Amino acid sequence: MSATHAALAAARPYRWRAAAAGRVAAGAGLLAAVALLPWLSGTDPARTVLRARSADQNPTPAELAAVREQFGLDQGPLAHLAHWAGGLLRGDAGASWVSGEPVLPQVATALSVSLTLMLGALVVTVGVAAALCARTVVLGARRRLRRDRAGTAAAVLAALPKFLLASVLATVCGVWWGWFPSSGWEGPRWMVLPSLALGIPSGAMIGGLLDQALPAAFHEPWARTAYAAGLPPRHIARDALRRTVPGVLPQLLPTVVALVGGAVAVEKIFNIPGLGQLALDSAVAQDLPVLQTATLALVLLGAGAGGLLGVARRALLGRPLRDGALPTLHRPPLTPPRALRWIVLACALALLALVMAGLLRDPLQVDTAARLLPPSPEHPLGTDALGRDLLARLGHGALRTAVVALVVTVVSVVTGLLLGMAPRASAGLTEVLATLPAVLAGLLVAGVTGPSVWGAAAAVCMVGWTPYAAQTAALLEQERASGHIAAAVALGAGRLHVLRRHLLPAIVPAVVRNALLRLPTAVLVLASLGFLGLGEQPPAPEWGRLLSENQPYAELAPWTVLGPAAALVLLSVPAVAGSALGRRKGR
């Protein structure tokens, strides 16, 4: 063990230097890509700026030339980026091309709002995660954990679209009952509903992963010894959480911290002047000074939060991680719930029935006389704002939605595994891209490929691998610090043998469970890009687009969004619950 300890200690300074260099390189590359956005899109940035200023669709050549000269657009993107960076060193980020106002006060105000909202969402996330894990913690600390969890509650909550949840909360709790304000940002009461909308799905994601990891900690020898020695259950629960939380902690970066720039839809619904809304508006208007400064704020936030989470994770694991004496977590052979098979079968049959019934109908038939009709025998799920049958659109969009989301998830998982296996090289890139809004990635990709469904898929993959890379890197570090890895190497095992027989079997199942929980998220992010004209174009009947198109009518005609949302839940629950059956059969 002394040799292992010495090797780990010697590698630590190099690891920190490599991570810092990766953060700088990734941040610089992202800022350069943002500076190229107007030129990548193939549109004249001067024309876009004039349209954002006055909605003038046909500016004169003289007006365009004046804007190009004013902002130095003829000099190219690199000259503009160098000028902006030089001013930033003097504390001046320039002025907005659209409004003419200084950039730094705008970005600072929006960042403070988004950080406050993120902290509120973090409190809700921790509360929801604690509620989902409470049963496992209580039973595990008392050695009464006999049955596995199906994970259906976490799957249902994680599959809830944040913008749909925000609309429901704003309507019910804000307008109907008047408990909290439903619009604006003036004080603590104004952050309650948006924090719930953002924190409930995030908490389900974190809680689902933690709930799956806890049984292995309660199955370790120290837990059995502590229980036999008569230690209070709260002490055992505390130590089990300390053992499992570090493996889940990196997920806070792409799940909660990323809400600073990625909560655009919720910010729009509640009329919150946050950084995500500011970044999106500046990207659409090609207001580069504002967009670059907002991107820099997200880069610094991602790097700082990633570093703090890394320090917290290593502090929780403590000396066993530093000494290479960390035991490996092995899940005990728990019995699946009796109703698990029936839950999977019922959800699968219900989804199949919806799809088959929808395929027998015309998804493109418009009937303006049947707009927003409630469910009836003629239209079982009702109609949308154009009088189209929602069941038909749901059925015809099932295959397209499932295939694209599955491809995006598989590519993201494989990319995350590969990059996570090289944590020194990928740590900085992971932290920087984890806080990058998918909408901004979509604008960058669309500038090169043009708007298309596969261009949107590439944009989601561009940022979607970060949760899996962060999880892989964390689990890899813990696994390498375990005693059986050192023993295998001492007995002559090569790198390929250790990777195939020890590291991958310990990492891949946890990453796959994470991917199954995040599967509906891929659908919703693709929908947000399509809604902005960057992905699937209308009238394609894609599930996420159905949610985006019908979200403005959620209060007037709630059935327009309930069908697609229920379909996402029916898709997510069998996947997550089926993984529990797979674990049982794999033993």
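Author: What follows takes the confidence first, then the spaces, then some individual residues.

This is a predicted model, in which local features need pLDDT of at least 70 and side-chain atom pairs count only at pLDDT 80 or more, while totals for chains, interfaces and linings use all residues. Residues are numbered from 1 along each chain as its sequence is written, and side-chain values use heavy atoms, with hydrogens and water left out.

The confidence score, pLDDT, is the predictor's own for each residue and runs from 0 to 100. Its mean over the chain is 83, and 93% of the residues reach 70 or more. Helices are DSSP runs (H or I, at least four residues), numbered from the N terminus. Confidence in the chain is highest in helix α6 (residues 103–141), at a mean of 93, and lowest in helix α1 (residues 2–35), at 67. The pLDDT is below 50 over residues 1–5, a stretch with 7 contacts in the model beyond near neighbours in sequence; a contact means heavy atoms within 4.5 Å. Where pLDDT is low, predicted coordinates should not be read in detail.

Now the spaces. They are found on a 1 Å grid over the protein atoms alone: a cavity is a set of points where a 1.4 Å probe fits but cannot get out, a pocket is an open set with protein on both sides within 12 Å along at least five of seven lines, and lining residues have an atom within 4 Å of a point. Points are joined across faces, edges and corners, and a volume is the space filled by probe spheres set on the points.

The second largest pocket holds about 1,200 Å³ of space. Its lining has 48 residues, and those nearest the centre are G262, A438, T521, V525 and S528. Helix α25 (residues 495–531) gives the most to this lining, 9 residues. By class, the lining of the second largest pocket has 34 nonpolar, 11 polar and 3 charged residues. In this scheme Ala, Val, Leu, Ile, Met, Phe, Trp, Tyr, Cys and Pro are nonpolar, Asp, Glu, Lys and Arg are charged, and the others, Gly among them, are polar.

There are 3 cavities of 30 Å³ or more. The largest cavity has about 70 Å³ of space. Its lining is made of V404, V453, A456, L526, A527, G530, G535, E536, E542 and R545.

Buried means under 20% relative accessible area, exposed means over 50%, and partly exposed lies in between (1.4 Å probe, protein chains only). Helix α26 (residues 543–550) is mostly covered, with 8 of its 8 residues buried.

The second largest cavity has a volume of about 50 Å³. G261, V264, G276, A279, L280, A283, P437, V439, L440 and L443 form its lining. Two or more of these come from each of α15 (275–285) and α21 (438–449), with α15 giving the most, 4 residues. The lining of the second largest cavity counts 8 nonpolar, 2 polar and no charged residues.

Some residues in loops deserve a separate look. L249 lies in the loop between α11 (233–248) and α12 (252–257). L249 counts as buried because its relative accessible area is 13%. Leaving out residues up to four places away in sequence, L249 touches L309, A312, R313 and L316. From L249 to L309 the separation is 60 residues in sequence and 6.8 Å in space, C-alpha to C-alpha.

R143 sits in the loop between α6 and α7 (152–158). Although R143 is not a glycine, its phi is positive, at about 60°. R143 is partly exposed because its relative accessible area is 27%. L372, in the loop between α18 (340–359) and α19 (390–420), also is not a glycine and has a positive phi, near 55°. At 15% relative accessibility, L372 is buried.

Last, the cysteines. A disulfide is taken as a pair of cysteine sulfur atoms within 2.5 Å, and the count is 0. C133 is buried, at 3% relative accessibility, and C461 is buried at 16%.
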